[in-house]
Amino acid sequence: MNRKTIEYYNSNTEDFIRRTVNSEMSGCQKKFLGLLKSGSRVLDAGCGSGRDSKFFLEQGLRVDAIDASEKMCQAASEYIGQPVNCISFEELEARERYDGIWACASLLHVGKGELPLILKKFYDALKEDGILYASFKYGTDEQWRLGRFFSDYQLEELERIFLRDGLFELVEAFETEDERQDYKNKPWINVIVKKRRLRTVPFQELPSYPAVSRLLLVDGSNLLFQMFFGMPARIVNEQGKAIQGTMGFVGALLKIIRRILPTHIIVLFDGQQENKRTALDAGYKANRVDYGEKPVEENPFSQLPDVYAALDYLGIRHTEAAACEADDLIAGYARTYGQENEIVISSFDSDFFQLITEKVSVLRYRGEGTVVCTPDYIHQKFGILPVQYADFKSMTGDASDNIRGADKIGPKTAALLLNEFGTLEGILANAAAIRKPSIRESVIRNTDRLRVNRRLICLDGLEPLPYVLDELIYELPDITTNGVLRGIGLKE
C-alpha cells in the first residue's frame, strides 16, 4: 500500500472508525461464513476498525488481523481484544495457514499492476480450497481521492484478474449498494473465489475437443531446429536430398495437431533482418551460429523451402516475421485473442512463459515426454506467477540469447526477490531494503542492465498481425507424413 495512503489512516483514525465501525456488512459476511467450517482460521486483511474481526470472533472463528496503519492497528486491537499485526500485504509471509481471507475494502488501495502479486501472497497463505473475499468500488480508474489512492474496477475486469493466473476459481461475483448517500451511484464490487489445487497438466489430459475456439500458435523456427538436430541420423530421399528436418517437422506438427485438435492454426518463423532488440543491444543473440557460413547438410534453413511447401500442401497459414521476431507475433495473437479463446503455443522457448494464463498454455513437444505448461507449472517450477517471468528472466539472464543477468542472482534468489517486492521495478525501487549485502550491491550495480534485459525479454504483443482469427480456421485432412512428403515431391 502506498505510504501516503497509510499516513492518511494514521492521521484520520478516529474519524474513519466512527464512519465505518457500524457499517452494514451482514450480507457479505454471511456469504463468507457459509463457505467456512466452524472454528476456521481466517485472516482479516486490512482490518481497519476491527469491525469484521470482532464479528468473526463472535461467530467462533479464529481470527488473525493485519493492517498497514500503525494507529489503526492500535485502535482495532483495543476494539477486538487481541493484538493486530501491523504489516502491509507485501510483507505477508504465511504459508497454507488460513481457511479464509477477508479483504473488505482494502485491496482497493493496491495499484492494478500490483494486484496479481498480492493475490499470489493470499494464495500462498490459504489452505487447500481456502476462500478469499474481496471488495472494491465500481469504476475504471486509478486515482487519488481525498488523500488516498484507489483502484476502481468493473465486475468483468475483476473476474479476469482474479482468474487469469489459474490460482483461483470463481465462487461468486456480485454488486452491493453503498449505504452512504454520497456514493449511491458507485456500488461495491464483491468477489468470492476459492483456491485451486495446483497440478501440472500432463500432455494426455489436454481436453480433446474445445468448447470454444482453440488457436494453435506454432513457433516454426523452433520446431524446425528441434527436428533438424534431433533426428537420429541424416535422412535423404531417393534423389539423395536431405529431408530429415522437413520429415521431422511435418511428423511432429501432425502429431501436435491431432493431440490439440485446434479450430485455428498458424505457423510463424523468424526472418533474417535486424529488429528492435538488436538495435537496443548489439550483443543480443550475437552468440548464435551463422548458418549462412555452414554447408547445406549442417544448415536447417536449407530445408525451409520444403517446410513451407509442406505447410502450403496442408493448407496451413504461415508467415515469416519481417520487422520483429516470431515471438512478437505469437505474443500478439495470444494477447489479442487469449481472453475469449483457448491458445496453445507450441515451442521450447521459455520466453513464452510470460504469456501463460488460464486460457493460454505453452506446449513443449517431445513425443511421449510432451508437457503442457500452465500457471500451475510455472508456480511449481519457479515459485512465481507467469506475469513475473519476464522480470525473473531479466535477473537470471538467458545464455541462449546472450543476455547476461545480474551476478549473485540465480533462480531461487530471483523468485525470493519477486515474492518480496513484486516486480523488477519494485526490486529496483527498494534495492536499499534488500537484506543480503551481496545481492543488494548486485541489484544496484546492474540496474541499467536489468532494465535493458527486460526490454529484450518482454513480449508486449503490439506488432501488427498478418492474419485475423477467421483467416486461420483449420481442419486437418486424413493424411500421413509420407503422404505430405509425396505430395510435395520429396518422396516417390
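Which residue in strand 16 is the bridge partner of Leu 363? Val 372 is. Keep that pair in mind. One caution before we go on: this is a predicted model.

Let's start with strand 15. It covers residues 360-364, and five of the five are buried. So the rest of the structure largely encloses strand 15. Look at its two faces. Val 360, Val 362 and Arg 364 lie on one side. Ser 361 and Leu 363 lie on the other. Both faces are covered.

Now the neighbours. Strand 14, residues 342-346, pairs with strand 15 in the parallel sense. That pairing runs over four bridges. Within strand 15, Leu 363 is the bridge partner of Ser 346. Strand 16, residues 371-373, pairs with strand 15 too, but in the antiparallel sense, over three bridges. Here Leu 363 turns up again, bridged to Val 372.

Strands 15 and 16 form a hairpin, with six residues between the strands. Find Gly 367 in that hairpin. Gly 367 takes a positive phi near 55°.

Next stop, the helices. How do helix 1 and helix 5 pack? Helix 1 is residues 3-11, and helix 5 is residues 70-80. Their axes are 7 Å apart, at an angle of about 45°. Angles between 35 and 65 degrees count as oblique, and therefore helix 1 and helix 5 are oblique to each other.

Who touches whom? From helix 1 come Arg 3, Ile 6, Tyr 9 and Asn 10. They meet Glu 70, Lys 71 and Met 72 of helix 5. By class, that contact has three nonpolar, one polar and three charged residues.

Key:
Residues numbered from 1 in each chain as written. Predicted model: local features only at pLDDT ≥ 70, side-chain atom pairs only at ≥ 80, totals over all residues. Heavy atoms only, no water. Buried < 20%, exposed > 50% of the residue type's maximum accessible area, 1.4 Å probe, protein only. Helix = DSSP H or I, 4+ residues; strand = E, 2+ residues; numbered from the N terminus. Pairing = 2+ DSSP bridges. Axes fitted to C-alpha atoms, helices over the stretch in contact; angles between N-to-C directions. Parallel < 35°, antiparallel > 145°, perpendicular 65-115°, else oblique. Contact = heavy atoms within 4.5 Å. Nonpolar A, V, L, I, M, F, W, Y, C, P; charged D, E, K, R; others polar.
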